[in-house]
Structure formats: C-alpha cells, structure tokens
Amino acid sequence: MCTKGAFPHRSASSLPLTCVHTYIRVCASALGLCMKLQCVSLWLLGTILMLCSVDNHGFRRCLISIDMDHIEDSFQEIKRAIQAKDTFPNVTILSTLETLQIIKPLDVCCVTKNLLAFYVDRVFKDHQEPNPKILRKISSIANSFLYMQKTLRQCQEQRQCHCRQEATNVTRVIHDNYDQLEVRSAAVKSLGELDIFLAWIAKNHEVTSSA
C-alpha cells in the first residue's frame, strides 16, 4: 500500500512498484488535465477572435455619405404621378413576402449593392418618361444611386460586403417578380415602390448628409 507522505525523502526509483505506478498515473492525469485546460483556453481565445473579426468585417454597416432627404424629397414630388400609371396595383416587386424585412445584418451590404444595380441597370433604363420634370427627378435619383454604388464598392474592397446565398436568393426573388410583368409596367411598379427601398436604406445604413 502506498501511503501519502510515507516516502518523503526517497526517489521514485526507490519506491515500491505499486507506488511508482500510482505516481505515474497521477502525473499523467495532471498533465492531461493541464493540456485539456490549455486547449479549452486556446479554443475560447480563438472563438473570441473569430467573433471580433465577424463583428469588424461582417456586421459593420457601410457609411453612405449621401443626402437621403434630397432623394426622398425628389421621389415624393413624382410618387403620385408614377403610381397613377401603375396598372397592377395588387402586384408587388420589392415587398412580396416582406422580402426586405427578413434580411440579416450580414447580408445588408450585398443586398443594397444588388438593388442599386437593379434600379440603375434595369428600372431607370426600362422606364420611358415623357414628362421632362419627372424625368429630371428620376435622373437625379439615378445619379445618387450611382454615387452610393461607388461607396459600396469601397466597402467590398474592405471585405465588408460579402454576398452569401441568402442575399443572392433575395435578389433573385425581386428580379423574378420584375420579370413577371411587361417591361414598362415592371419599371413603373418598381419606381412606385422606390420609397420602400429608400426607407430600408435609411434603416440599415449609417446615412450621413452630403450637405
């Protein structure tokens, strides 16, 4: 029997065999425990660093330096005239299934970039406006969208604008809704819903005034 403190001045080589085995088992257990604790500590540290990285690169909102009040005022001046041309009042493009409301913070930049491209490359080009006053307002909004696209490209270069599958799916739904209508009708419908997109930008980005 190996008793605690029975051999205070004897080396491990002079101890009975059972005591040596016990001594080895205790040391091995202690070493294993230390290694486990070290692994846990390293895992916790890695998790913290990963979360910090996600917070810095994924959830940081892009700063859009644009006068949103000017864009919204321009739209309000033409909203009634545009929506009066809408021949499909019960159909929606942006707001179907509350599309924009289910977007996660990590996907905000990508969806914003895609929708700006949607308006610039499709809606504004497809719409044919005979009224010069309304056309000027639409052109002003389009120029503001081009400026915002430039800002978001900078975010993308800084790796703050990841495009995950969720963001791609949302964009596809909006394009599919657009394609369900004749081109001119779809353009009018999308312009009439522009206030939905503008409100979403203001809510999901740190918007500053350029004035």
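1. In this predicted model, the link of Cys-109 and Cys-161 is left-handed, with -100 degrees about the S-S bond. The two sulfur atoms of this disulfide are 2.2 Å apart. Cys-109 sits in helix 3 and Cys-161 in the loop between helix 4 and helix 5, so the bond ties together parts that are 52 residues apart in sequence. Cys-109 is buried at 6% relative accessibility, and Cys-161 is buried at 7%.

2. The structure holds 2 disulfides. Cys-110 and Cys-163 form a disulfide with an S to S distance of 2.1 Å. The torsion about its S-S bond is about 105 degrees, so this disulfide is right-handed. Cys-110 belongs to helix 3 and Cys-163 to the loop between helix 4 and helix 5, 53 residues apart.

3. Cys-163 has 41%, so it counts as partly exposed, a class that lies between under 20% and over 50%.

4. The largest nonpolar core has 45 residues, and those with the most contacts inside it include Tyr-119, Phe-145 and Phe-197. Helices 2, 3, 4, 5, 6 and 7 each supply at least two residues of this core. Helix 3 gives the most, with 11 residues.

5. Beyond its neighbours within four places in sequence, Phe-197 is in contact with several residues, among them Leu-94, Leu-100, Thr-112, Tyr-119 and Phe-145.

6. Met-68 lies in helix 2 and is buried, at 5% relative accessible area. Met-68 and Leu-198 are 130 residues apart in sequence, but their C-alpha atoms are 7.9 Å apart in space.

Terms used:
Residues are numbered from 1 along each chain as its sequence is written. This is a predicted model: local features need pLDDT of at least 70, side-chain atom pairs count only at pLDDT 80 or more; totals for chains, interfaces and linings use all residues. Side-chain values use heavy atoms; hydrogens and water are left out. A nonpolar core is a set of buried Ala, Val, Leu, Ile, Met, Phe, Trp, Tyr and Cys residues joined through side-chain atoms within 4.5 Å. Buried means under 20% relative accessible area, exposed over 50%, partly exposed in between (1.4 Å probe, protein chains only). Helices (H or I, at least four residues) and strands (E, at least two) are DSSP runs, numbered from the N terminus. Contact means heavy atoms within 4.5 Å. A disulfide is a pair of cysteine sulfur atoms within 2.5 Å.
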